[in-house]
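Please read them with the structure open.

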Amino acid sequence: MTARLTVRALLVAIAIVILGVFPLVFSNPTTTSIAVFTVIYMVAASSWNMFSGYSGYIALGHAVFFGVGAYALTLLANHLGFAAGWGIFALVPVAGIIAGLIAIPTGLIALRARRHTFVVITIAFMFIFQLAASNFAFTGGSSGLQPPTPLWSATSYNDHFYYVAAVILVATVALSWLVRRSRFGLQLFAIRDDEERARGLGVRVGRVKLSAFVLSAIPIGMVGGVYAYFLGQIFPQFAFDPLFDLSIALMAFIGGLGTVWGPLLGALVLESLQQYFTVQSGASQVYLIIYGGLFLAVILLLPRGVIPSVEDLIRRWRTRGATQDRSRGEGDGGRRADVVKAAGAR
Amino acid sequence: MSASSLAKAVIDGILTGGVYALMAAGLTLIFGVMDIINIAQGALIVLGAYMSYVLSVHLGIDLFVGLIITIPAFFVLGVFIEWAFMRRLRDQERTAMSILVTYAVAIIIEGILSVIFGVDFVQLQASYINSSFHLLGFYLPYIYVFGFLLAVVLLGVLYYILYRTHFGRGVRGSLQNRSAAELIGVNVNRVRALSVGIGVSVTAAGGMVFGATNSFNPSSGYDLISRLLSIVILGGLGSIGGALVAAVFMVTLEDVVAVVWSPVWATLVYYASLIVVLSFMPNGLFGRAAIRAQ
Amino acid sequence: MTRSRRQALIVAAVAAIAAFVAGCGGSSSSSSSAGGSSASTGSGTSSSSNKSPITIGTSLSLSGDFAADGQAFEKGYQLWAADQNKAGGLMGHPVKLDIISDASSPAQVVTNYQKLISSDHDQLVFGPFSTLLTVPASKVVNRFGYAFVEGAGGAPAAFGNGLKNIFDVSLPVVDNLVPYAKWIASLPASERPKTAAYATSDDPFTQPQIPLAQKIMQAAGIKTVYNKVFPAEVTDYTPIATAVASSKAEAVVLGSVDVPTVSAFVHAFIQQHYNPKSFIATAGPDQGDAFLKAVGGASNAEGIMYPNGWYPGYANAASQQMVNEYVSKYGGNAAGVNADVAEAYSVGQAVAQAVAATHSLDNSKIISYLHSGVTLNTVQGPVKFNSLGENGAAAAFVFQWQKGNQVQVLPVGASGSKAATYPKPNWGS
């Protein structure tokens with residue numbers, strides 16, 4: 001048991017080290033630029049997964065929190081007269097908290113609905129925020145807003161944003177992992193597997209769902225702020241972008257919904273591949289066909305996502321010839337939640 | 001703002017609502033029967049519009065007559081999509097996975113259309129597109145009236161199939177309880193394939209009317225899909241009549257707000273009212289209570 | 001626990017591989033000589049008898065929302081490069097374009113310009129399409145000290161950010177409608193429209209234009225009977241168009257950003273049997289053939305006016321030559337040439353003149369030169385940059401579709417202006 005723990009801790013340490021030294025090794029601004037966006041998406045996918053993956057409620061409106069974070073950071077930076085530079089990063093947690101506050105009323109309304117209706121309500125909220133941002137003067141209307149521009153040198157400019165995003169990433173993954181192992185996480189899984197039964201066994205379903213919803217909004221709000229600062233410009237249709245929602249859902253699915261590392265893998269692969277593809281592809285629209293085809297292939301061949309499927313393969317290879325073990329449905333985080341335990345341990 | 005401009009807004013809303021109902025009908029059928037959120041619906045509509053475009057521009061076939069070709073072609077396409085992609089989705093996470101699969105299909109369709117047709121905007125043309133007839137002091141454009149009538153007819157046919165035929169009973173039965181349906185001899189796979197085929201074939205008509213009333217290019221599908229999803233949920237999953245009512249409600253509300261208040265708030269008011277309605281009627285206007293656990 | 005351990009292992013392995021690939025992809029370009037490994041440039045140093053090529057990088061929206069304009073821009077840049085090479089290139093070196101696609105995404109455009117500059121080591125860069133992409137791109141380019149000459153980012157949001165490196169060769173957007181407003185206001189009272197309707201899309205490009213025009217027209221006694229903003233993403237223009245039609249305004253000023261918007265209004269007006277005496281739209285009618293196809297032919301386009309800095313019939317020798325080359329290379333006819341082509345071509349010309357004048361590829365010298373108040377010549381006319389980077393010498397023309405051709409009609413009396421058709425002939429007549 002101790003040995004396993006040590007190996008696992010070692011692997012996590014290696015991952016963190018890689019995360020930390022990446023821009024020092026691959027210092028080309030193109031690569032670090034792609035890296036900043038990739039890390040931002042890793043946070044977003046992981047955070048989204050903390051709610052949608054664990055509870056089974058597919059939300060397609062988390063762009064609300066991304067946009068709120070972006071606008072919050074920019075508005076605060078401009079109105080409080082922050083000078084461009086490291087100081088503005090202090091506003092990032094504030095942006096996250098504001099996003100979390102917004103998640104409370106929106107979550108209260110949306111979570112009263114059944115799953116199908118819930119999806120549409122989250123989409124509706126996304127559009128409401130996008131339209132509001134386009135029409136209010138204080139958000140700059142359709143011209144958007146610009147935060148101050150720091151004067152860092154071109155070669156190391158991206159690294160500042162990368163490290164801030166990387167810190168958020170480590171915190172988010174840690175949070176995701178902690179939630180998963182906690183009683184709270186078990187309750188979420190119970191809700192995912194059978195909500196009525198969970199409720200009947202005493203799980204405070206409404207409160208649990210809302211807490212997860214709000215929790216998942218905060219990291220997304222934070223990276224929304226980082227994004228706005230990095231780009232130097234926010235327009236409403238890009239801050240509140242339906243494609244953002246589809247992308248993070250896709251990333252979490254492909255990596256493995258409900259796992260801790262799945263969304264990271266999905267975001268890593270999809271975002272860096274996507275930027276790389278676009279840069280190389282030029283005018284040919286054929287890349288769209290290839291891109292879509294790749295998606296389809298992955299989804300159909302690895303329906304539970306990369307990590308759980310690869311896991312399955314490894315397990316089956318290992319236990320080949322051995323007696324059929326009663327599958328515990330691991331990997332996709334679909335381990336049969338111990339509902340009784342979740343309800344009992346309160 | 002006068003009474004007549006208000007009345008005009010309502011009339012416009014009803015007619016355009018018919019167009020949207022036609023586009024959403026296939027979606028509600030597939031969603032309701034298969035539990036699948038078909039994100040590719042927007043792309044399919046654009047595909048339908050392009051098919052009508054090709055028939056009209058290169059073969060000189062009238063838009064409505066061309067439906068005789070596009071509707072069966074889309075039926076085959078729908079059956080293919082169900083067999084190739086949707087059948088592989090396991091029941092457990094079907095809804096969630098369907099978002100991804102259909103999104104990938106939408107991207108592929110967009111890519112193919114871009115390669116064939118390029119990115120310039122086109123619009124379906126016909127002699128009746130710009131003409132209108134005079135009624136009670138209003139000009140009613142022919143194309144919208146035809147589109148509305150087409151919507152009513154096709155939706156009526158759909159309703160008939162679903163509620164008055166043996167096949168339809170099988171469809172509704174397998175929605176409620178797959179194992180029981182199989183037990184009494186319903187070939188669930190075939191029923192599902194045919195349902196998707198029918199849903200997609202109606203979309204061909206929706207695409208034609210859309211293309212006649214809007215400029216479009218291969219990327220035009222994305223703007224549509226959020227609205228269509230909201231119509232389907234508002235109307236009630238699987239309810240054909242609900243889709244019509246919800247679509248008319250949506251467009252009429254937006255049109256009235258645009259006239260009474262301002263166009264910039266029209267869409268926002270719609271989405272806000274959607275949330276309000278769904279909070280009180282979580283199954284939509286005409287949805288039945290959940291039959292099985294989610 | 002075993003499952004998590006394996007997960008972490010897999011992630012670590014894949015992460016390492018992905019990082020390795022990304023790093024290789026990024027750094028391999030930087031390790032080779034100028035020219036890099038991107039798709040369009042080809043090899044670096046050429047044979048000994050030629051001088052090494054100068055690479056100019058640009059990010060264009062070859063797919064996504066701005067694809068139609070992005071592709072037109074690409075053609076413009078390429079035409080310029082071909083012509084420049086025929087004339088001996090830049091300082092004797094052949095010009096090679098390094099074009100990558102940004103799929104109309106601001107996040108992509110940020111990465112793209114970093115790739116062009118720090119991976120591909122392009123000596124110069126040209127701007128992308130649209131204010132929405134120009135703003136983030138200009139900040140990136142500024143960090144590297146490069147000049148950022150562009151032809152399609154003209155909304156006020158692009159300027160006044162304190163950036164000294166941004167130069168827009170095209171007409172500043174805010175003045176677009178002024179010649180039209182002045183002309184309408186100057187018509188004799190018996191002919192002048194009594195009422196006007198203003199409808200604009202919610203967009204940083206169109207919204208600033210309307211108030212200026214409205215002020216001039218109101219001062220001439222033209223009453224505003226409709227004045228609304230509509231969302232850029234509206235899917236049904238009918239109620240707005242119907243409201244404009246119901247207002248029975250005699251002049252319609254439409255702030256549109258693309259063909260579908262104008263087309264929807266035109267169709268709705270025809271259906272409502274509404275015929276204003278004058279109709280001007282800020283964008284869409286400038287798109288040549290694409291516009292005609294969408295509105296249903298030349299007869300429906302008849303009389304519609306639009307502002308621009310250029311049109312295919314512009315009486316400028318270089319412009320005519322560019323139009324002819326375009327037609328022979330890409331087909332179609334002269335009237336169908338998209339104004340974006342000329343904007344892109346002008347960017348190339350401005351940069352070429354700056355390079356020739358400073359005898360160098362040094363971006364800071366180029367920036368100083370362009371800010372020195374010098375007047376340059378392009379296919380869009382004269383170019384002179386003010387301190388913000390706007391082209392103060394740009395002429396604001398207004399064009400009108402007449403019998404399937406785009407005809408310059410305003411300013412009245414300007415060289416090349418023909419008589420405007422007024423009032424606009426009724427649709428369907």
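**Notes on the predicted model**

1. Start with the open sheet in chain C. Its three strands run in the order β2-β1-β3, with parallel pairing. Strands pair here if DSSP finds at least two bridges between them. Helices (H or I, at least four residues) and strands (E, at least two) are DSSP runs, numbered from the N terminus. The edges are β2 (95-101) and β3 (124-125) of chain C, each pairing on one side only.

2. A word on the basis. This is a predicted model; local features need pLDDT of at least 70, side-chain atom pairs count only at pLDDT 80 or more, and totals for chains, interfaces and linings use all residues. Residues are numbered from 1 along each chain as its sequence is written, while chains are lettered from A and ligands numbered from 1 in the order in which they are written.

3. Which strand does β1 (residues 54-60) of chain C pair with over seven bridges? The partner is β2(C), in the parallel sense. C:L60 faces C:S101 in β2(C).

4. Two helices cover this sheet. Helix α2 (residues 67-86) of chain C lies across β1 and β2 of chain C, at about 170° to β2(C). Helix α3 (residues 106-119) of chain C lies across β1, β2 and β3 of chain C, at about 175° to β1(C). Axes are lines fitted to C-alpha atoms, for helices over the stretch in contact, and angles run from 0 to 180 degrees between N-to-C directions. Contact between two residues means C-beta atoms, placed from the backbone, within 7 Å.

5. Now chain C as a whole. It has 13 helices and 14 strands. Of its 429 residues, 61% count as buried. The cut-offs: buried means 20 or more other C-beta atoms within 10 Å of a residue's own, exposed means 12 or fewer, and partly exposed is in between, with C-beta atoms placed from the backbone. Among contacts between residues at least 6 apart in sequence, 70% join residues at least 24 apart.

6. Chain C is split into domain 1 (20-173 + 338-395) and domain 2 (177-281 + 289-311 + 396-410). These bounds come from an automatic or database domain assignment. The two C-alpha centres lie 33 Å apart. Domain 1 of chain C gives 15 residues to the contact and domain 2 of chain C gives eleven. On the domain 1 side, eleven are nonpolar, four polar and none charged. Here Ala, Val, Leu, Ile, Met, Phe, Trp, Tyr, Cys and Pro count as nonpolar, Asp, Glu, Lys and Arg as charged, and the others, Gly among them, as polar.

7. Next, chain B against chain A. The contact takes 35 residues from chain B and 36 residues from chain A. On the chain B side, α4 (94-117), α9 (221-235) and α11 (263-280) are the elements giving two or more residues. The largest share, 14 residues, comes from α4(B). The chain B side divides into 25 nonpolar, seven polar and three charged residues.

8. The largest nonpolar core has 357 residues, and those touching the most other members are A:I40, A:A165, A:V226, B:A21, B:A24 and B:A247. Such a core is a set of buried Ala, Val, Leu, Ile, Met, Phe, Trp, Tyr and Cys residues joined through C-beta atoms within 7 Å. Domains 1 and 2 of chain C both give residues to this core, so it lies between them. What does A:A165 touch, leaving aside neighbours within four places in sequence? Its contacts are A:V36, A:V39, A:I40, A:V43, A:V223 and A:V226.

9. Most residues other than glycine have a negative phi, and most peptide bonds are trans. C:L410 and C:P411 are joined by a cis bond, omega about 0°. The bond from C:Y422 to C:P423 is also cis, with omega near -5°. C:P411 is in the segment after β14 (405-410) of chain C, and C:P423 lies in the segment after β14 of chain C too.

10. Positive phi deserves a look as well. C:H121 has phi near 55° and lies in the loop between α3 and β3 of chain C. C:H121 is partly exposed, with 18 other C-beta atoms within 10 Å. C:H273 also has phi near 55°, in the loop between α8 (259-271) and β9 (278-281) of chain C. C:H273 is partly exposed, with 14 other C-beta atoms within 10 Å.

11. Last, a hairpin in chain B. Strands β1 (residues 132-135) and β2 (residues 138-141) of chain B pair in the antiparallel sense over four bridges. B:L135 has B:F138 as its bridge partner in β2(B). Two residues sit between the strands, and B:L136 takes a positive phi near 55°.
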